[in-house]
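I set out to look up several features of one protein structure and to note each with the rule behind it. The sequence and structure come before my entries.

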Amino acid sequence: MSNIFEGHLMLRAEARPGGRTALAGQSFRAPYYVGKSYLDTDSGVLMVQVANPTAGILSGDRLESAITVAADAKLLVTTPSASRVFPMNAGEAVSRQTFAVETGGWLEMLPEPLVPHRRSTYRQDTSVEIAAGGGVFFVEQLMPGRVGHGEAWEWDRLVLTLDVRVDGEWVLRERFDQSGASLRAMAVAAGTGPESCFANGLVVVPGADAAETNPAWREALHALHGDGVWIGATALGAGAWSLRIVAANGVTLRAAVQQVRAILAEVCPALRCGLRKL
C-alpha cells in the first residue's frame, strides 16, 4: 500500500439571497479534511478550516486545491496547525493551489506557517485571479524549521511561486527558490537573527484607486518597524500590493501579521472577522 497522497481540495463560496455566504460546493480527499464552516455574523465572512489529519507532508505527496469565491461572497480559509514538511530520503512533495475571486467577492487565505524539516524538498505553486471589484488577503508564513528541537535552516530546497492577475492584468509573478543554508546565510547577513521567520503577503483592496502609491495604511504598516520586525509594502498596480514581513521569531511574526490585518481592516472591512479556531 502506497503512503503517497494525491490530495484534492475544492471549495466554492456563493452569496445567497440576502447576502449570506454559503459553500455551494466542496470536495476533498486525504490528506485534506474540511471542517464545519462558521459564519461570522458581524463581518458576514464565512470561515472554513482545512485540516491535515496526517499531521504533515511526505515525499511524493501531490496536493491540488482550487478555491473560488463567487460574486459578493466573503470567505476566510485557515488551518488549525502548521504544515510540516517531513524529512525525505529522496524525492519531493508538490502543492498546486488556485484561488479565484469574482466581482464583489472577498477571499482571505491565512494558513498557519509552513515548517520544512531537515532534508526536505517542497514546491508550492500558487495562482490568484481576481476580477475587478474583488478583494484578497493572502499570507504564507515560513518558519526556519523545528526551532524547539534545535533544528533550523536544514531543509534541502524550498520553491514557492506566486502568480497574480487582477481584472485580467498580470500584476505579479515571483519565485522563491532557496536552500535552508542559503536562507540562513541571508538572515545572518541581514542581521535578522538565527531564528528569523518570514511572511509573504498579497492584498488587493476592493475599490482602491489603482494610481494610489502611498495610502495612509502603508505608513501605518511601516510604523511597525522595530522590536524585531521588518516590514515593507510595494504597489503592484490595479489596487494590488505585495507585503513582506521578517521577524526575529515565530511569536513576533504571528503578532506582526495580526497587526497588519488590523491596519488593513480600515480599507478591507472583511478583515474584522475574528480568527476563531473552529
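My entries on the model, the pocket, a strand pair, cysteines, salt bridges and backbone follow.

**Entry 1: the model**

I note that this is a predicted model, in which local features need pLDDT of at least 70 and side-chain atom pairs count only at pLDDT 80 or more, while totals for chains, interfaces and linings use all residues. Residues are numbered from 1 along each chain as its sequence is written, and side-chain values use heavy atoms, with hydrogens and water left out.

**Entry 2: the second largest pocket**

I looked up the second largest pocket and its volume, which is about 260 Å³. On a 1 Å grid over the protein atoms alone, a pocket is an open set of points where a 1.4 Å probe fits, with protein on both sides within 12 Å along at least five of seven lines; a cavity is a set from which the probe cannot get out. Grid points are joined across faces, edges and corners, and the volume is the space filled by probe spheres set on the points.

I find 16 residues in the lining of this pocket, with Met143, Gly145, Val147, Cys197 and Gly250 nearest its centre. A lining residue has an atom within 4 Å of a point. Helix H3 (residues 250–264) gives the largest share of the lining, three residues. Helices (H or I, at least four residues) and strands (E, at least two) are DSSP runs, numbered from the N terminus.

By class, I record eight nonpolar, four polar and four charged residues in the lining. Here Ala, Val, Leu, Ile, Met, Phe, Trp, Tyr, Cys and Pro count as nonpolar, Asp, Glu, Lys and Arg as charged, and the others, Gly among them, as polar.

**Entry 3: strands E17 and E18**

How many bridges join strand E17 to strand E18? I find eight between E17 (residues 229–237) and E18 (residues 240–247), and the two strands run antiparallel. Two strands pair if DSSP finds at least two bridges between them. Ala233 has Leu243 in E18 as its bridge partner. The hairpin has two residues between the strands, and Ala238 takes a positive phi near 60° there.

**Entry 4: cysteines**

I searched for disulfides, meaning pairs of cysteine sulfur atoms within 2.5 Å, and the count is zero. Cys273 is in no disulfide, and the nearest cysteine sulfur, that of Cys268, is 13 Å away.

Is Cys273 buried or exposed? Cys273 counts as buried because its relative accessibility is 1%; buried means under 20% relative accessible area, exposed over 50%, and partly exposed in between (1.4 Å probe, protein chains only). Cys197 is also buried, at a relative accessible area of 1%.

**Entry 5: salt bridges**

I find 14 salt bridges in the whole structure. A salt bridge is a side-chain nitrogen of Lys or Arg within 4 Å of a carboxyl oxygen of Asp or Glu.

I looked up Arg12 and Glu102, whose side chains meet at 3.7 Å, N to O. This pair links distant parts of the chain, 90 residues apart: Arg12 lies in strand E1 (residues 6–15), and Glu102 in the loop between strand E9 (93–101) and strand E10 (106–110). Arg12 is partly exposed at 27%, and Glu102 is partly exposed at 31%.

I next took Asp125 and Arg123, with closest N and O atoms 2.8 Å apart. Asp125 is buried, at 14%, whereas Arg123 is partly exposed, at 24%.

In a further salt bridge, Asp163 and Arg173 have their closest N and O atoms 3.0 Å apart. Asp163 belongs to strand E14 (residues 157–166) and Arg173 to strand E15 (residues 169–178), ten residues apart. Asp163 is partly exposed, at 22%, and Arg173 is exposed, at 58%. I also note a network of salt bridges with shared partners, which joins Arg12, Glu14, Arg16 and Glu102.

**Entry 6: backbone**

I find a cis peptide bond from Ala30 to Pro31, with omega near 20°. Pro31 sits in the loop between strand E2 (21–29) and strand E3 (33–34).

Asp72 is not a glycine, yet has a positive phi of about 70°; its place is the loop between strand E6 (62–69) and strand E7 (74–78). Asp167, also not a glycine, has a positive phi of about 50°. Asp167 lies in the loop between E14 and E15 and is exposed, with a relative accessible area of 54%.
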